[in-house]
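Please have the structure open as you read.

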Amino acid sequence: MFTHTYPNFAKGRILRTDMLESLRDYPHELSDLYFREYSDGILAGVSVQVRENSLIVGAGIVKHGGRIYTLMRECELPYEACGQEIALKLRFYPAEKDGDFTVYRTELLLVEADEAAPDEMELARFKLKEGAKLRRDYRSFTDFATEYNTLNLLHAEYAGFRQSTLHPELLRYFAAEMMKSRTANPHDLVFAMHCLNTQAVDREAILHYVAARSGRDYKAYTNVQIHTQLCRILEDAGSGGRQVPGGRFGAPQRMIVD
(Lines give C-alpha, C1' and ligand atoms only; values in the text may rest on other atoms or scores of the structure.)
Protein backbone atom coordinates (compact mmCIF):
# COMPACT_ATOMS: atom_id res chain seq x y z
CA MET A 1 0.00 0.00 0.00
CA PHE A 2 0.99 3.65 -0.38
CA THR A 3 2.57 5.09 2.75
CA HIS A 4 4.07 8.31 4.03
CA THR A 5 6.56 7.59 6.81
CA TYR A 6 8.99 9.81 8.67
CA PRO A 7 11.00 9.25 11.86
CA ASN A 8 10.01 10.91 15.13
CA PHE A 9 13.02 12.48 16.79
CA ALA A 10 12.02 13.38 20.34
CA LYS A 11 13.64 13.69 23.72
CA GLY A 12 13.74 10.37 25.54
CA ARG A 13 13.38 8.22 22.42
CA ILE A 14 16.14 5.86 21.28
CA LEU A 15 17.83 6.86 18.01
CA ARG A 16 17.64 3.67 15.95
CA THR A 17 19.54 2.75 12.81
CA ASP A 18 16.39 2.38 10.70
CA MET A 19 15.37 5.96 11.58
CA LEU A 20 18.62 7.31 10.13
CA GLU A 21 18.39 4.97 7.14
CA SER A 22 14.97 6.38 6.28
CA LEU A 23 16.48 9.87 6.05
CA ARG A 24 19.34 8.54 3.92
CA ASP A 25 17.25 6.51 1.49
CA TYR A 26 14.15 8.63 0.97
CA PRO A 27 15.63 11.33 -1.34
CA HIS A 28 17.29 8.72 -3.55
CA GLU A 29 14.24 6.49 -3.67
CA LEU A 30 12.02 9.46 -4.54
CA SER A 31 14.24 10.66 -7.41
CA ASP A 32 14.67 7.11 -8.73
CA LEU A 33 10.89 6.61 -8.78
CA TYR A 34 10.22 9.96 -10.45
CA PHE A 35 12.81 9.50 -13.21
CA ARG A 36 12.53 5.71 -13.58
CA GLU A 37 11.04 5.86 -17.10
CA TYR A 38 13.53 8.48 -18.33
CA SER A 39 16.52 7.62 -20.48
CA ASP A 40 20.06 8.58 -19.59
CA GLY A 41 20.88 12.23 -20.28
CA ILE A 42 20.35 15.72 -18.93
CA LEU A 43 17.29 15.91 -16.69
CA ALA A 44 17.41 19.58 -15.69
CA GLY A 45 19.77 22.54 -15.87
CA VAL A 46 23.36 21.90 -17.01
CA SER A 47 23.26 24.94 -19.30
CA VAL A 48 26.50 25.68 -21.16
CA GLN A 49 27.45 29.36 -21.34
CA VAL A 50 30.31 30.82 -23.38
CA ARG A 51 32.86 33.27 -22.07
CA GLU A 52 35.91 34.65 -23.84
CA ASN A 53 38.25 31.81 -22.86
CA SER A 54 36.10 29.37 -20.94
CA LEU A 55 32.83 27.45 -20.87
CA ILE A 56 30.55 27.68 -17.85
CA VAL A 57 28.54 24.54 -17.06
CA GLY A 58 25.59 25.42 -14.85
CA ALA A 59 24.17 23.45 -11.95
CA GLY A 60 21.77 20.67 -12.84
CA ILE A 61 20.80 17.00 -12.79
CA VAL A 62 21.81 14.17 -15.12
CA LYS A 63 21.03 10.46 -15.28
CA HIS A 64 23.56 7.84 -16.30
CA GLY A 65 23.41 4.08 -15.91
CA GLY A 66 20.11 4.47 -14.08
CA ARG A 67 21.79 6.62 -11.41
CA ILE A 68 20.97 10.28 -10.66
CA TYR A 69 23.89 12.75 -10.42
CA THR A 70 23.64 16.35 -9.24
CA LEU A 71 25.86 19.39 -9.79
CA MET A 72 25.10 21.97 -7.10
CA ARG A 73 27.22 24.86 -8.39
CA GLU A 74 28.53 25.91 -11.81
CA CYS A 75 31.91 24.76 -13.13
CA GLU A 76 34.31 26.61 -15.43
CA LEU A 77 36.37 24.88 -18.12
CA PRO A 78 38.96 26.76 -20.22
CA TYR A 79 39.06 26.22 -24.00
CA GLU A 80 41.21 27.37 -26.91
CA ALA A 81 40.92 27.55 -30.69
CA CYS A 82 42.38 24.59 -32.57
CA GLY A 83 40.26 24.35 -35.74
CA GLN A 84 39.10 20.83 -34.83
CA GLU A 85 35.67 19.72 -33.64
CA ILE A 86 35.80 19.53 -29.86
CA ALA A 87 33.14 17.98 -27.62
CA LEU A 88 32.31 18.96 -24.07
CA LYS A 89 31.71 15.64 -22.33
CA LEU A 90 30.90 14.40 -18.88
CA ARG A 91 32.85 11.27 -17.96
CA PHE A 92 31.57 8.91 -15.27
CA TYR A 93 33.85 6.88 -12.98
CA PRO A 94 33.21 3.72 -10.92
CA ALA A 95 32.21 3.96 -7.27
CA GLU A 96 34.85 4.87 -4.70
CA LYS A 97 34.85 4.49 -0.94
CA ASP A 98 35.50 7.89 0.65
CA GLY A 99 35.40 7.59 4.42
CA ASP A 100 31.79 7.08 5.44
CA PHE A 101 30.48 7.58 1.89
CA THR A 102 30.35 5.76 -1.44
CA VAL A 103 30.97 8.34 -4.16
CA TYR A 104 30.35 8.13 -7.92
CA ARG A 105 32.55 10.84 -9.39
CA THR A 106 32.39 12.59 -12.76
CA GLU A 107 34.72 14.84 -14.74
CA LEU A 108 34.11 17.52 -17.36
CA LEU A 109 36.37 17.14 -20.40
CA LEU A 110 37.06 18.86 -23.69
CA VAL A 111 38.09 16.14 -26.14
CA GLU A 112 38.04 15.50 -29.87
CA ALA A 113 34.43 14.97 -30.93
CA ASP A 114 33.45 11.37 -31.64
CA GLU A 115 30.81 8.89 -30.57
CA ALA A 116 30.36 9.05 -26.81
CA ALA A 117 31.76 6.01 -24.95
CA PRO A 118 29.49 4.10 -22.53
CA ASP A 119 31.01 6.04 -19.63
CA GLU A 120 30.57 9.46 -21.30
CA MET A 121 27.77 11.95 -22.01
CA GLU A 122 28.03 14.81 -24.51
CA LEU A 123 26.80 18.25 -23.45
CA ALA A 124 27.85 20.35 -26.48
CA ARG A 125 30.50 20.67 -29.18
CA PHE A 126 32.20 23.35 -31.26
CA LYS A 127 34.84 23.96 -33.94
CA LEU A 128 36.68 27.21 -33.28
CA LYS A 129 39.03 28.88 -35.77
CA GLU A 130 42.14 30.67 -34.52
CA GLY A 131 41.44 34.35 -33.99
CA ALA A 132 37.67 33.82 -33.93
CA LYS A 133 35.29 34.05 -30.98
CA LEU A 134 33.02 31.25 -29.86
CA ARG A 135 29.36 32.27 -29.68
CA ARG A 136 25.96 30.88 -28.74
CA ASP A 137 23.73 33.78 -29.81
CA TYR A 138 21.89 31.96 -32.59
CA ARG A 139 20.60 34.15 -35.43
CA SER A 140 18.18 31.59 -36.85
CA PHE A 141 17.09 28.00 -36.31
CA THR A 142 19.48 26.80 -39.02
CA ASP A 143 22.29 28.60 -37.19
CA PHE A 144 22.26 25.87 -34.53
CA ALA A 145 24.09 23.66 -37.05
CA THR A 146 26.70 26.25 -38.14
CA GLU A 147 29.99 24.40 -38.40
CA TYR A 148 32.48 26.99 -37.16
CA ASN A 149 32.69 29.25 -34.09
CA THR A 150 29.22 28.32 -32.79
CA LEU A 151 28.30 26.20 -29.77
CA ASN A 152 26.46 23.17 -31.17
CA LEU A 153 23.75 21.56 -29.00
CA LEU A 154 22.48 19.10 -31.61
CA HIS A 155 24.48 16.20 -30.18
CA ALA A 156 23.70 16.93 -26.53
CA GLU A 157 22.18 13.92 -24.77
CA TYR A 158 18.96 15.15 -23.19
CA ALA A 159 16.85 12.70 -21.19
CA GLY A 160 13.39 11.80 -22.46
CA PHE A 161 10.74 9.15 -21.95
CA ARG A 162 12.61 5.86 -22.48
CA GLN A 163 14.89 7.44 -25.12
CA SER A 164 16.93 10.61 -25.36
CA THR A 165 15.51 13.65 -27.10
CA LEU A 166 16.58 17.03 -28.48
CA HIS A 167 17.78 19.83 -26.25
CA PRO A 168 14.79 21.98 -25.19
CA GLU A 169 16.57 25.16 -26.29
CA LEU A 170 16.46 24.01 -29.92
CA LEU A 171 12.77 23.17 -29.80
CA ARG A 172 11.78 26.36 -28.00
CA TYR A 173 13.65 28.38 -30.64
CA PHE A 174 11.91 26.38 -33.38
CA ALA A 175 8.52 26.97 -31.75
CA ALA A 176 9.10 30.72 -31.42
CA GLU A 177 10.09 30.98 -35.08
CA MET A 178 7.12 28.88 -36.12
CA MET A 179 4.68 31.13 -34.25
CA LYS A 180 6.25 34.20 -35.92
CA SER A 181 5.63 32.65 -39.33
CA ARG A 182 1.85 32.97 -38.74
CA THR A 183 1.33 29.43 -39.97
CA ALA A 184 -2.24 28.19 -40.17
CA ASN A 185 -1.24 24.53 -40.27
CA PRO A 186 -2.78 22.80 -37.21
CA HIS A 187 0.19 20.42 -36.89
CA ASP A 188 2.53 23.42 -36.60
CA LEU A 189 0.41 25.22 -34.02
CA VAL A 190 -0.11 22.21 -31.77
CA PHE A 191 3.55 21.16 -31.88
CA ALA A 192 4.85 24.70 -31.33
CA MET A 193 2.65 25.20 -28.27
CA HIS A 194 3.76 21.81 -26.94
CA CYS A 195 7.42 22.84 -27.30
CA LEU A 196 6.79 26.13 -25.50
CA ASN A 197 4.90 24.51 -22.62
CA THR A 198 7.09 21.44 -22.01
CA GLN A 199 10.59 21.20 -20.59
CA ALA A 200 11.57 18.24 -22.77
CA VAL A 201 9.51 17.07 -25.76
CA ASP A 202 9.51 13.28 -26.20
CA ARG A 203 11.37 12.04 -29.24
CA GLU A 204 8.32 10.08 -30.40
CA ALA A 205 6.27 13.28 -30.52
CA ILE A 206 8.95 15.02 -32.60
CA LEU A 207 9.27 12.15 -35.08
CA HIS A 208 5.51 11.81 -35.52
CA TYR A 209 5.22 15.56 -36.11
CA VAL A 210 7.97 15.45 -38.74
CA ALA A 211 6.24 12.52 -40.48
CA ALA A 212 2.79 14.15 -40.40
CA ARG A 213 4.04 17.56 -41.49
CA SER A 214 6.24 16.32 -44.32
CA GLY A 215 3.84 13.69 -45.59
CA ARG A 216 6.49 10.99 -45.30
CA ASP A 217 6.49 7.72 -43.41
CA TYR A 218 7.59 7.68 -39.78
CA LYS A 219 11.37 7.31 -39.52
CA ALA A 220 13.78 7.19 -36.57
CA TYR A 221 15.98 10.17 -37.51
CA THR A 222 19.13 11.17 -35.64
CA ASN A 223 19.28 14.52 -33.85
CA VAL A 224 21.05 16.14 -36.80
CA GLN A 225 18.53 14.70 -39.27
CA ILE A 226 15.62 15.90 -37.13
CA HIS A 227 17.09 19.41 -37.15
CA THR A 228 17.36 19.29 -40.95
CA GLN A 229 13.72 18.20 -41.25
CA LEU A 230 12.56 20.92 -38.85
CA CYS A 231 14.48 23.52 -40.88
CA ARG A 232 12.59 22.45 -43.99
CA ILE A 233 9.27 22.58 -42.18
CA LEU A 234 10.03 26.06 -40.89
CA GLU A 235 10.99 27.22 -44.37
CA ASP A 236 7.76 25.81 -45.78
CA ALA A 237 5.70 27.52 -43.07
CA GLY A 238 7.46 30.82 -43.70
CA SER A 239 6.68 30.65 -47.41
CA GLY A 240 2.98 30.36 -46.77
CA GLY A 241 2.73 26.59 -46.39
CA ARG A 242 2.72 25.47 -50.00
CA GLN A 243 2.40 21.89 -48.84
CA VAL A 244 -1.08 20.38 -48.68
CA PRO A 245 -1.96 17.78 -46.05
CA GLY A 246 -0.43 14.45 -47.03
CA GLY A 247 1.79 16.09 -49.64
CA ARG A 248 5.54 16.42 -49.81
CA PHE A 249 7.80 19.44 -49.62
CA GLY A 250 8.21 20.98 -53.03
CA ALA A 251 5.65 18.66 -54.67
CA PRO A 252 3.68 20.21 -57.56
CA GLN A 253 0.16 21.25 -56.62
CA ARG A 254 -2.95 20.95 -58.77
CA MET A 255 -5.71 23.55 -59.03
CA ILE A 256 -9.15 22.46 -60.19
CA VAL A 257 -11.26 25.20 -61.77
CA ASP A 258 -14.97 24.58 -62.02
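1. Which element gives the largest share of the lining of the second largest pocket? Strand β9 does, with 4 residues. Please keep in mind that this is a predicted model.

2. Staying with the second largest pocket, its space comes to about 390 Å³. There are 21 lining residues, and those closest to the centre are E115, E122, H155, E157 and N223. Two elements, β9 (120-127) and α5 (223-238), each contribute at least two residues to this lining.

3. Now to the largest pocket, which holds about 660 Å³ of space. Its lining is made of 24 residues, with I68, Y69, T70, Y104 and T106 the closest to the centre. Two or more lining residues come from each of α1 (17-34), β4 (60-64), β5 (67-71) and β8 (101-112).

4. Which element supplies the largest share of the lining of the largest pocket? That is β8, with 8 residues.

5. By class, the lining of the largest pocket contains 14 nonpolar, 6 polar and 4 charged residues.

Technical notes. Residues numbered from 1 in each chain as written. Predicted model: local features only at pLDDT ≥ 70, side-chain atom pairs only at ≥ 80, totals over all residues. Heavy atoms only, no water. 1 Å grid on protein atoms, 1.4 Å probe; cavity = no way out; pocket = protein on both sides within 12 Å on 5 of 7 lines; lining within 4 Å. Points joined across faces, edges and corners; volume = space filled by probe spheres on them. Nonpolar A, V, L, I, M, F, W, Y, C, P; charged D, E, K, R; others polar.
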